[in-house]
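Here are my notes on the model, point by point. Please read them with the structure open.

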Amino acid sequence: MIQILYYPEVSSTMDTAKELARKDCPDFTVVVAGRQTRGRGRLKRQWLSDDGGLYFTMVLRPDIPVQLSSRVNFLASLTLACVLRELFQIDAAVKWPNDILVDGHKISGMLSELEAETDRVLFVNIGIGINANNDPSGVEPGASSLKKITGREISKKMLLARFLAEFEKRLKKAEFENVIAEWKKYTVTLNRRVKIVTHKEVSEGLAVDVERDGALVLELADGTRKKIVYGDCFHQGECFESQ
Ligand code: BTN
């Protein structure tokens with residue numbers, strides 16, 4: 001059963017969710033916020049979180065080995081892309097690892113935090129920010145919002161309810177073996193030149209595959225292949241390098 005907790009304002013739904021998870025809140029507790037004062041993105045970036053956007057974190061306790069836990073994130077981005085397509089008839093696509101783009105513009109980002117005991121996942125918290133009725137494009141030129149794309153105010157409540165129902169259904173069906181294969185059908189990252197930036201290095205190459213654990217495989221200039229497990233992905237050859 002899904003338990004939704006709504007807060008008008010929090011520092012970050014990731015913080016609230018972590019606190020609840022450590023206090024043994026039930027599986028599929030969802031922390032939703034009207035706005036965040038310290039919303040955060042991947043690689044310690046800030047996530048603009050004023051009114052109008054949809055911000056939530058799901059506390060999940062899947063019974064899967066740690067090495068395959070990233071599949072839950074891929075299932076979440078895949079589900080969100082499908083729900084956005086169905087609700088708004090837009091060409092929502094997934095960008096590695098878990099961004100949602102529409103016509104090259106980012107409309108959603110995902111962050112996950114995991115705690116485990118030996119090989120057992122205690123919880124994996126998945127935080128999702130969706131540019132719904134806000135417009136971050138002034139500050140983030142590569143970003144857009146559902147309102148801007150569809151030309152109308154969208155119901156955040158309806159979007160959240162639809163996403164959660166669909167995600168719960170897909171999680172229960174335990175289609176984990178097929179998640180990556182299905183995700184690949186909706187991605188705009190494969191078969192294009194990308195640059196992956198981490199704290200340690202920058203890798204450039206052709207994105208040729210995503211492995212069963214979610215790692216991106218790059219074909220480098222010298223023909224060798226490199227497996228990338230995390231990082232910021234920049235698509236090259238677009239009018240801008242989308243983040
Ligand atoms: C990214 O693309 O860098 C990930 C952005 C994740 C933002 C969401 S909003 C809800 C949750 N709370 C946060 O502070 N971050 C995530």
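1. How do the residues of the shell around the ligand divide into nonpolar, polar and charged? There are seven nonpolar, nine polar and five charged residues in the shell. Here Ala, Val, Leu, Ile, Met, Phe, Trp, Tyr, Cys and Pro count as nonpolar, Asp, Glu, Lys and Arg as charged, and the others, Gly among them, as polar.

2. A word on the basis of these notes. The model is predicted: local features need pLDDT of at least 70 and side-chain atom pairs count only at pLDDT 80 or more, whereas totals for chains, interfaces and linings use all residues. Residues are numbered from 1 along each chain as its sequence is written, and side-chain values use heavy atoms, with hydrogens and water left out.

3. The ligand has 21 residues around it, and Ser 12, Gln 36, Arg 40, Arg 42 and Lys 106 come nearest. A residue is near a molecule or strand if one of its heavy atoms lies within 4 Å of it. Four elements each supply at least two residues of the shell: helix H1 (13-22), strand S3 (54-60), strand S6 (105-117) and strand S7 (120-130). S6 provides the largest share, four residues. Helices (H or I, at least four residues) and strands (E, at least two) are DSSP runs numbered from the N terminus.

4. An N or O atom in the side chain of Lys 106 is 2.6 Å from an oxygen atom of the ligand. Ser 12 places a polar side-chain atom 2.7 Å from an oxygen atom of the ligand, and Thr 13 places one 3.0 Å from a nitrogen atom of the ligand. On its own the ligand has 410 Å² of accessible area, and the protein covers 99% of that. Accessible areas come from the Shrake-Rupley method with a 1.4 Å probe; for residues, only the protein chains shown count as cover.

5. Thr 16 is found in helix H1 and is buried, at a relative accessible area of 15%. Buried means under 20% relative accessible area, exposed over 50%, and partly exposed in between (1.4 Å probe, protein chains only). Leaving aside neighbours within four places in sequence, Thr 16 is in contact (heavy atoms within 4.5 Å) with Tyr 7, Val 10 and Val 31. Ser 108, in strand S6, is buried with a relative accessible area of 0%. A polar atom of the Ser 108 side chain lies 3.1 Å from the backbone oxygen of Gly 129. With neighbours within four places in sequence left aside, the contacts of Ser 108 are Trp 47, Leu 80, Asp 99, Ile 100, Ile 128, Gly 129 and Ile 130.

6. Most residues other than glycine have a negative phi, and most peptide bonds are trans. The peptide bond from Trp 96 to Pro 97 is cis, with omega near 0°; Pro 97 lies in the loop between strand S4 (92-95) and strand S5 (99-102). Leu 43, in the loop between strand S2 (29-36) and S3, has a positive phi, near 50°. Leu 43 is partly exposed, with a relative accessible area of 25%. Asn 191 has a positive phi as well, near 65°, and lies in the loop between helix H5 (176-185) and strand S8 (193-197). Asn 191 counts as exposed, at 64% relative accessibility.

7. Helix H4 (residues 156-172) has 17 residues and reaches 24 Å from its first C-alpha to its last. That is close to the expected 24 Å at 1.5 Å a residue, where the expected span is 1.5 Å times one less than the number of residues. The buried residues of H4 are Leu 159, Leu 160, Phe 163, Leu 164, Glu 166, Phe 167, Glu 168, Arg 170 and Leu 171.

8. Val 202 is in strand S9 (residues 202-210) and touches Lys 195, Ile 196 and Val 197, not counting residues up to four places away in sequence. Glu 219 lies in strand S10 (residues 216-219) and counts as partly exposed, at 28% relative accessibility.

Conventions
A polar contact is a pair of N or O atoms within 3.5 Å; within protein, one must be able to donate a hydrogen and the other to accept it, and residues adjacent in sequence count only if both atoms are side-chain atoms.
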